[in-house]
Amino acid sequence: MIFYFLAVTLILSAILVVTLKNIFHCALFLIVAILAIAGLYFHLQAPFLGVVQLIIYIGAIMVLILFAIMLTSRISDRLLQTASRQSIPALLAVIVFILLALKSLDKTPLPAHIGKNFDPILDLGRALMTAYVLPFEVVSLLLLVALVGAIALARKD
Amino acid sequence: MEIIVLSLILFGIGLFGALTRKNAIAILMAIELMLNAVNLNLAYFSHNLSNISGQVFVLFIIAAAAAEAVIGLAIIINLYREFHKIDVEEITLLKW
Amino acid sequence: MDLAQDVFRYVEKMPGGNLILTTTDSLFNWAKANSLWYLLFGLKCCAIEMMAAGASRYDLDRLGLMFRASPRQTDLMIVAGTVTAKMAPRIRTLWEQMAEPRYVIAMGSCAITGGAFFYDSYAAIKGVDEVIPVDVYIPGCPPRPEALIEGILKLQEKIKKESLTKR
Amino acid sequence: MIIGLIILLLKIAAVLVFISLTVLFLVYAERKVSAHFQVRYGPMRVGWHGGLQMIADTIKLLLKEDITPKDVDKLVFFIAPILCFVSAYLAYLTLPFSPQIVVKNLNIGLLYILGVTSLTVLSLMMAGWASNNKYALLGGFRSVAQIISYEIPLVLSVLPVVMMAGSLNLITIVEAQKSLPFILVQPLGFLLYLTAAAAEANRAPFDIPEAEQELVAGYNVEYSGIKFSMFFLAEYVNMFTICALAAILFLGGWQGPILPPVIWFLIKVYLLVFVLMWVRWTFPRLRIDQLMSFCWKILLPLALANFLISGLWLVLK
């Protein structure tokens, strides 16, 4: 029940993100889509992911995108140009892609749900600090590099 | 099962947006949609197989997405300063 | 506000409607009279007296008056000082930006009639009521803070006589 | 199932009503405190010592004309205050007033509150953009830049508490402070939290987004009537939230002798609220560049150092 509600919200807002003409509204509907995905994470018993989605996607990434929109356009430029001559081939390509993927999904035997109980937060912390400690450090390095790179790109010299 | 189809549709919508949009920020938003579709898949399999690795990878992808958004937006702001527009079809500096 | 007025016009016709109406009227008028937020806006020397009235010794906050900088959120405009021909359109704009119900106090002789600039001035408007409607006039050049407070009390009395059906 | 749902809804309603009344009291207290700091009396005419002042203000704000200017983005202009209001209240879904009085005790309560409060940023941004007014836009820009900058020292100053309690659950964090409240171990962390949180809630001396002298009224310039009152109330709800969080994380929450837990909790929260008001009416406002450099050059290194030292201390203990 909750799942279908979230799924419909997600699909509708995602369609609006890629079709609306006003880019600020696009970004707002992207936020709705991200909220729906956070809800789906809670539904999948991954509450930590849901909250991280809230903090990082909405608190940081979407705010950055909104800032970029405000800096590069005005409220009076209401219309966003879309390449209409590409839309029909793009639609065809997307449909073919989805059909192919559905076909392959049909042929693949999916493993049945293993009802093993696990504490999502405790296990996540353990996994990050034992098996995945090296990737974890590499991610922090990546973030540092991105920070330096963004400052180097965006500063006026 | 439904979630895989859902994430597939979401990925398709994101792909459509990335193919048709001209505005660089709109393309970036479509790419965010695609990343989220992948994350949803990983979280679903983590739940289904009772294996925490999927969630760990979602965390890594979110970190990578943040880095990508920061660098992408810095580039877009720079482009706007240079050309006063951010339509990807009109910025043809690297085209011969 | 329009919707409320329609509703109250309808209530007035019902039996016993007048009783409901007077009770709500007095409640609403009490609220409006005791929470006059004034616009952070002064024109000339009278503005100094207005600031003094807002500060420690006279303390307009006792009467529930608080200043807001944005005209959208204010109820009362205290026109304190000479209205010049150049400033008049701005005052008109500010008044138009204020949300209903709104009140205006003309403070000091310049805002009432042009005061010392009544004769031989090409720049001064002869009274702010040529630009916007005024509810209370406070004479003086400039009026002392006590006079301003009395003017505000008079305005509160005036508000308490209002009715929702006719304004 | 249904009974559980009804009980949950009743709990939510009770908390909402309590918070709304508290907020009305806070606005009144702010006016009185400010007045007494400036050797004035504050509201005196409406009720005993102006006690009914907030009721008069509320009725008047509800009666005011609700203006929607001509060239605004109507949908976003309408949604922004609602989002601001709702996101301010969402934090109370997991904030415990005592071990029993909590709507839903989440395992990741602290993270949830931090995540939900980041929704406020969006509403401010939407309000600033949709108003189609340069003062509103500048106010929105400034408040968002300020809030997302101060979120980093805020989170870093909270992390040592999480390390010491070993949990993100707010009730567990309070119970970990049975012997001594964390403020005695983490005095620097408490100060950093309070500073960063005051900036998060746009309180003076960090209230640059609302600087009347330069920006008229910040992001809510074009709002009037009931929409403005939503922003106004959300601001005070946020102030109560940060003080409640500070009481839970650093002052030992509801723990104290003799008096019942809820009373202890409220005493601590109101004490912190009073400290914030005291700060507001004592210090002058910072400039925007001073504000930013204060965050990045002073608060952030201090928070990092505090984090590192507490980590080392916990490992070596």
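**Salt bridges and chain contacts**

Colleague: Why are the side chains of Glu150(C) and Lys154(C) said to meet in a salt bridge?

Modeller: Their N to O distance is 3.9 Å, and a salt bridge is defined as a side-chain nitrogen of Lys or Arg within 4 Å of a carboxyl oxygen of Asp or Glu, so the pair qualifies. Both residues lie in helix 6 (residues 145–160) of chain C, 4 residues apart, which is about one turn of the helix; helices here are DSSP runs of H or I with at least four residues, strands are runs of E with at least two, and both are numbered from the N terminus.

Colleague: Which conventions stand behind such values?

Modeller: This is a predicted model, in which local features need pLDDT of at least 70 and side-chain atom pairs count only at pLDDT 80 or more, while totals for chains, interfaces and linings use all residues. Residues are numbered from 1 along each chain as its sequence is written, chains are lettered from A and ligands numbered from 1 in the order in which they are written, and side-chain values use heavy atoms, with hydrogens and water left out.

Colleague: What makes Lys60(D) and Asp75(C) a pair that joins two chains?

Modeller: Their side chains meet in a salt bridge of 2.9 Å, N to O. Lys60(D) lies in helix 2 (residues 53–63) of chain D, whereas Asp75(C) lies in the loop between strand 2 (66–68) and strand 3 (76–80) of chain C, so the pair joins two chains.

Colleague: Are these two residues, Lys60(D) and Asp75(C), buried or exposed?

Modeller: Lys60(D) has a relative accessibility of 2%, and Asp75(C) has a relative accessible area of 2%. Buried means under 20% relative accessible area, exposed over 50%, and partly exposed in between (1.4 Å probe, protein chains only), so Lys60(D) is buried, and so is Asp75(C).

Colleague: What makes the salt bridge of Asp66(D) and Lys227(D) a link between distant parts of the chain?

Modeller: The side chains of Asp66(D) and Lys227(D) meet at 3.8 Å, N to O. Asp66(D) sits in the loop between helix 2 and helix 3 (74–90) of chain D, and Lys227(D) sits in helix 10 (residues 225–250) of chain D, 161 residues apart. Asp66(D), with a relative accessible area of 37%, is partly exposed, whereas Lys227(D), at 9%, counts as buried.

Colleague: How do you know that chain D is as compact as a globular protein of its length?

Modeller: The radius of gyration of chain D is 20 Å, close to the 20 Å that the globule rule gives for 317 residues, so chain D is as compact as a globular protein of that length. The radius is taken over C-alpha atoms, and the rule is 2.2 Å times the number of residues to the power 0.38. Chain D has 12 helices and 0 strands, and buried residues make up 57% of its 317 residues.

Colleague: How many residues of chain B are in contact with chain A, and how many salt bridges are counted between them?

Modeller: 64 residues of chain B are in contact (heavy atoms within 4.5 Å) with 77 residues of chain A, and the count of salt bridges between these chains is 0. Helix 1 (2–20), helix 2 (24–49) and helix 3 (53–83) of chain B each supply at least two residues of the side that touches chain A, and helix 3 of chain B gives the largest share, 23 residues.
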